[in-house]
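Let's take a walk through a protein model together. Keep the sequence and the picture side by side as you read.

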Amino acid sequence: MSQPSINTFAAVMTGKGTGAISTVQLFGNSAESILKKIFVPVSPKPMTFEPGKILLGEITDVIQVIDQVTVGCEGPNSFAINCHGNPLIVADIMKLLEQQGARPLTAEQLLYKILSENKSLDTIAVEARLAQARARTIEGTKIIANQAGAGLSKEAAQWLTNLNATPLEKIASSAEHILQSSRTAGLIIYGCTAVIAGPPNTGKSTLLNRLCGKQKAIVTDIKGTTRDWVSAECRTDSLSVKFIDTAGLDEELSTSEDDIEKASQQKATEVLQNADLVLLVLDNSQTIEQLDRRLLGKVADKKVLTVLNKSDLPARLDTAKLPQSLAETIQISAKLGTGVETLLRKIRQTLGVADFNIQSPVAFTPRQQNLLKELVEAKSKDQAASVLTELLNGPIRV
Ligand SMILES: Nc1nc2c(ncn2[C@@H]2O[C@H](COP(=O)(O)OP(=O)(O)OP(=O)(O)O)[C@@H](O)[C@H]2O)c(=O)[nH]1
Ligand SMILES: [Mg+2]
């Protein structure tokens with residue numbers, strides 16, 4: 001085995017699983033010399049690796065050919081090996097590269113190494129390229145793309161240039177505003193969680209099934225049908241929502257002798273705590289008595305939309321008796337599907353994503369958000385300058 005060349009790295013850049021092709025990236029000082037040992041081109045002409053060139057040939061471990069591949073020369077130290085998409089072939093090529101001294105990395109780690117060598121990119125631009133792969137919606141990818149060279153990057157550069165002439169309070173208030181927009185942008189970029197909660201038998205599971213268009217959760221007319229939570233991911237315009245159907249919350253069930261009932265009540269409460277939005281489903285054909293105080297307490301600090309279900313039946317719920325915190329109501333029939341489109345629109349409005357301007361400057365990573373918080377707290381211009389320099393050019397960790 002050759003000496004390990006720790007300055008050279010390899011990673012599978014394409015997704016896991018079987019595909020027509022996969023790409024293994026080789027990057028670093030010894031990339032070319034490693035490639036010369038394991039790649040045999042079909043062309044009899046002497047092999048030259050010029051940036052922009054694509055070569056056809058075979059990857060071989062001397063004893064046998066592993067695969068026929070094309071090698072894209074992306075730079076003096078950077079090569080994309082495009083092989084056939086069988087994961088076993090990909091693993092064999094990675095093993096061979098490792099034997100030749102390349103250190104295996106994840107795709108994100110290698111991309112970070114490649115991007116950070118590009119001196120024309122500031123740190124926010126590098127983070128943007130890395131984060132784009134994780135965005136859940138196309139609007140999310142655009143928000144991220146807008147932060148490099150424009151958006152947050154431009155804003156931070158301007159603050160830094162004009163620091164002497166600008167009062168700190170003015171920068172702090174703009175940074176605060178960006179942090180607020182970032183919360184909404186985060187929902188569009190990384191998705192959000194809407195928990196379907198409410199008393200037993202109000203139609204929560206029927207609503208989940210209606211929203212995801214398939215029978216994911218069991219529906220019966222027996223109180224306490226849902227025990228463990230069930231979730232489904234749905235797209236509504238620019239938003240990817242994970243809807244979670246929970247066990248009906250009920251005083252009687254939570255104090256039951258039955259351990260499963262108790263555990264399912266506890267689980268539903270836990271899930272509620274992590275919700276970006278609660279859809280509180282009530283049965284519009286029953287009186288207000290269905291709503292117990294305990295349930296109200298659990299959603300007290302949450303964004304709540306009150307969903308009055310079973311609106312196909314005669315109404316018995318007096319909405320005037322609903323507490324102020326539940327005044328935002330919407331009538332639906334989960335069984336028939338009426339009102340569900342309006343519910344989705346209300347969800348987007350309540351979360352603030354409906355009118356969100358994707359050109360807004362936002363912080364889309366915890367590093368950026370923490371630095372903006374530090375900027376809001378900065379006590380001197382020197383401190384502000386050092387925070388801004390770090391925001392634009394500081395290191396990131398992958
Ligand atoms: N008429 C009418 N019945 C509905 C509607 N939605 C649900 N139901 C019925 O209400 C009963 C309870 O529905 P589920 O979806 O299981 O209710 P749930 O809230 O998940 O019940 P738990 O899991 O026990 O808390 C079933 O018989 C449903 O068919 C509706 O919009 N209209
Ligand atoms: Mg249910």
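This is a predicted model: local features need pLDDT of at least 70, side-chain atom pairs count only at pLDDT 80 or more; totals for chains, interfaces and linings use all residues.

Which residues coordinate the magnesium ion? They are Ser205, through its OG atom, and Thr226, through its OG1 atom, at 2.0 to 2.1 Å. These two partners come from distant parts of the chain, 21 residues apart. Ser205 belongs to helix H8, which covers residues 204–212, while Thr226 sits in the loop between H8 and strand S9 (230–236).

Are these two residues buried or exposed? Ser205 has a relative accessible area of 8%, and Thr226 has a relative accessibility of 13%. Residues count as buried when this value is under 20%, so Ser205 is buried and Thr226 is buried too.

Now turn to ligand 1. How many residues surround ligand 1? There are 23, and the closest are Lys204, Thr206, Gly224, Thr225 and Asp312. Some contacts involve the protein backbone. Oxygen atoms of ligand 1 lie 3.0 Å from a polar backbone atom of Gly203, 3.1 Å from one of Ala334 and 3.5 Å from one of Ile222. On its own, ligand 1 has 660 Å² of accessible area, and the protein covers 91% of that. The space that ligand 1 takes up is the largest pocket.

Lys36 is found in helix H1, residues 31–38. If you compare Lys36 with Ala20, you will find them 16 residues apart in sequence and 25 Å apart in space, C-alpha to C-alpha.

The other two are Val62 and Asp237, and here the backbone angle phi is worth a look. Val62 is a residue other than glycine with a positive phi, near 80°. It lies in the loop between strand S4 (54–60) and strand S5 (65–75). Asp237 also has a positive phi, near 50°, and its place is the loop between S9 and strand S10 (239–245). A relative accessible area over 50% counts as exposed, so Val62, at 75%, is exposed, and so is Asp237, at 54%.

Note on methods: Residues are numbered from 1 along each chain as its sequence is written. Chains are lettered from A and ligands numbered from 1 in the order in which they are written. Side-chain values use heavy atoms; hydrogens and water are left out. Donors are N, O and S atoms within 2.8 Å of the metal (3.2 Å for Na, K and Ca); water is not among the atoms, so sites may look incomplete. Helices (H or I, at least four residues) and strands (E, at least two) are DSSP runs, numbered from the N terminus. Buried means under 20% relative accessible area, exposed over 50%, partly exposed in between (1.4 Å probe, protein chains only). A residue is near a molecule or strand if one of its heavy atoms lies within 4 Å of it. A polar contact is a pair of N or O atoms within 3.5 Å; within protein, one must be able to donate a hydrogen and the other to accept it, and residues adjacent in sequence count only if both atoms are side-chain atoms. Accessible areas come from the Shrake-Rupley method with a 1.4 Å probe; for residues, only the protein chains shown count as cover. On a 1 Å grid over the protein atoms alone, a cavity is a set of points where a 1.4 Å probe fits but cannot get out, and a pocket is an open set with protein on both sides within 12 Å along at least five of seven lines; lining residues have an atom within 4 Å of a point. A molecule sits in a cavity or pocket if more than half of its atoms lie within 2 Å of its grid points.
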